[in-house]
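Subject: Structure for you to look at

Hello,

Here is the structure I promised to pass on. Please open it first, then read my notes below.

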Amino acid sequence: MADNSFSDGVPSDALEAAKNASNTEKLTDQVMQNPQVLAALQERLDNVAHTPSSYIETLPKAVKRRINALKQLQVRCAHIEAKFYEEVHDLERKYAALYQPLFDKRREFITGDVEPTDAESEWHSENEEEDKLAGDVKNKVVIAEKEAATAEEPNPKGIPEFWFTIFRNVDMLSELVQEYDEPILKHLQDIKVKFSDPGQPMSFVLEFHFEPNDYFTNSVLTKTYKMKSEPDKADPFSFEGPEIVDCDGCAIDWKKGKNVTVKTIKKKQKHKGRGTVRTITKQVPNDSFFNFFSPLKASGDGESLDEDSEFTLASDFEIGHFFRERIVPRAVLYFTGEAIEDDDNFEEGEEGEEEVRHEGAQPAI
């Protein structure tokens, strides 16, 4: 039988490889003659060639030396900026003392300890003229009915469920609240923000004040947020102002059988030797808003947190900041929903833009 693996002394595999190489070369030539392909390749080369880092590498050593000097100046600017934010914190503390009498009166109106005067309760709405016209017409028809209804109309003390309503209105908070948390939050009477004292490390405390209830004996639950306002030595250019770096909660003195942060489950266990089965009960963590007071600790020993823990901690910091900057200063507007509408409008207007600033929101009572 004739051997077809050679042709004129050349192996057939080598001939096939040469043929494929020739075809590939022809295909490459055809592709490179395509204007669109050439334009795309040139764009990629241009992008690579003109990145800031690649440009800096091409500069003379003398110019790089001057750039290093500019970076030193930038670090000094970051430290001055840190001092600026420390003074802002001092100003916040000063004005918090001025706001507090108004917040104390707010609490008295909410709890019903004090009834506002006619002058204090007067408010002009945007639709005042329309309301006035409609009211004049109605008054001519229903004066007698109104007098009778007034006598029967309920007059609850203060503003019932004020803070609980805010929790329901704000998505960030309502997501944390379970059904069994709701009756407890209805006893919440006030939320306060306390700033760290002069000369102390920057921090703030959220105080949740509760009336006597059937769930725990604490009258106040606290959450302390620790802050840092100094550039990171390893990455000073990332400094953008004070940031929350850690937080501490408090112990809740639950009354017997009322702890909503744990649940009791039953589990069957089989004895390895005898084969008998017994049922045991154990307590396991339970989803609840009140886990807010038992926060995850930021890693301080150089070990990094896993991704889920990092997310949980970041969410906690965001909630604490939101209480401080938005909820407490503007409580009535979150109760009525007006602040939520403003927040939604702001987000729509600023979509696609990123704004970094220090919020020193002027409170609306």
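**Aromatic pairs**

The structure holds 24 aromatic pairs. Keep in mind that this is a predicted model.

Phe289 has another ring partner, Phe292. How do the rings of Phe289 and Phe292 sit against each other? Their centres are 5.5 Å apart and their planes are at 15 degrees; planes under 30 degrees apart count as stacked, so this pair is stacked. Phe292 is buried, as is Phe289.

Ring pairs also build a cluster. Its members are Phe167, Phe208, Phe210, Phe216, Trp254, Phe289, Phe290, Phe292, Phe293 and Phe323.

Lys223 lies over the face of Phe292, 3.4 Å from the ring centre. Arg324 lies over the face of Phe204, at 4.9 Å from the ring centre.

**The chain overall**

Some context for the rest. The protein chain has eleven helices and eight strands. It has 365 residues, and 25% of them count as buried. Take the contacts between residues at least 6 apart in sequence: 61% of these join residues at least 24 apart.

**The sheet**

Now look at the open sheet. Four strands form it, in the order β3-β4-β5-β6, with antiparallel pairing. β3 (188-195) and β6 (243-248) stand at the edges. Each has a single partner strand, so one side of each is left without a neighbour in the sheet. Neighbouring strands are turned by 20 degrees against each other on average, direction ignored.

Start with β3 and β4. Strand β4 covers residues 203-210, and seven bridges join it to β3. The two run antiparallel. Val193 stands opposite Leu206 in β4. Phe195 stands opposite Phe204, also in β4.

Two helices go with these strands. Helix α9 (residues 307-327) packs on the sheet and touches β3, β4, β5 (220-228) and β6. Its direction makes about 75 degrees with that of β4. Helix α6 (residues 162-169) lies across β3 and β4. α6 runs at about 75 degrees to β3.

Then go to the other side of β4. β4 and β5 pair in the antiparallel sense over seven bridges. Here Ser203 stands opposite Lys226 in β5.

**What is covered**

How many of the residues of β4 are buried? Eight of its eight are, and the strand is mostly covered. In a regular strand the side chains alternate between the two faces of the sheet. Both faces of β4 are covered. On one side are Ser203, Val205, Glu207 and His209. On the other are Phe204, Leu206, Phe208 and Phe210.

The buried residues are Phe162, Trp163, Phe164, Thr165, Ile166 and Phe167.

**The core**

The largest nonpolar core has 46 residues. Which of them have the most contacts inside it? They are Phe167, Phe208, Phe290 and Phe323. Helix α9 gives the most to this core, with six residues.

**A loop residue**

Last, a residue in a loop. Ser238 is found between β5 and β6.

Over to you.

Best wishes

Methods: Residues are numbered from 1 along each chain as its sequence is written. This is a predicted model: local features need pLDDT of at least 70, side-chain atom pairs count only at pLDDT 80 or more; totals for chains, interfaces and linings use all residues. Side-chain values use heavy atoms; hydrogens and water are left out. Two strands pair if DSSP finds at least two bridges between them. Axes are lines fitted to C-alpha atoms, for helices over the stretch in contact, and angles run from 0 to 180 degrees between N-to-C directions. Contact means heavy atoms within 4.5 Å. A nonpolar core is a set of buried Ala, Val, Leu, Ile, Met, Phe, Trp, Tyr and Cys residues joined through side-chain atoms within 4.5 Å. Buried means under 20% relative accessible area, exposed over 50%, partly exposed in between (1.4 Å probe, protein chains only). Rings of Phe, Tyr and Trp (its six-membered ring) pair if their centres lie within 6.5 Å; planes under 30 degrees apart count as stacked, over 60 as edge-to-face and the rest as tilted. A charge sits over a ring if NZ of Lys or CZ of Arg is within 6 Å of the ring centre and within 35 degrees of the ring normal.
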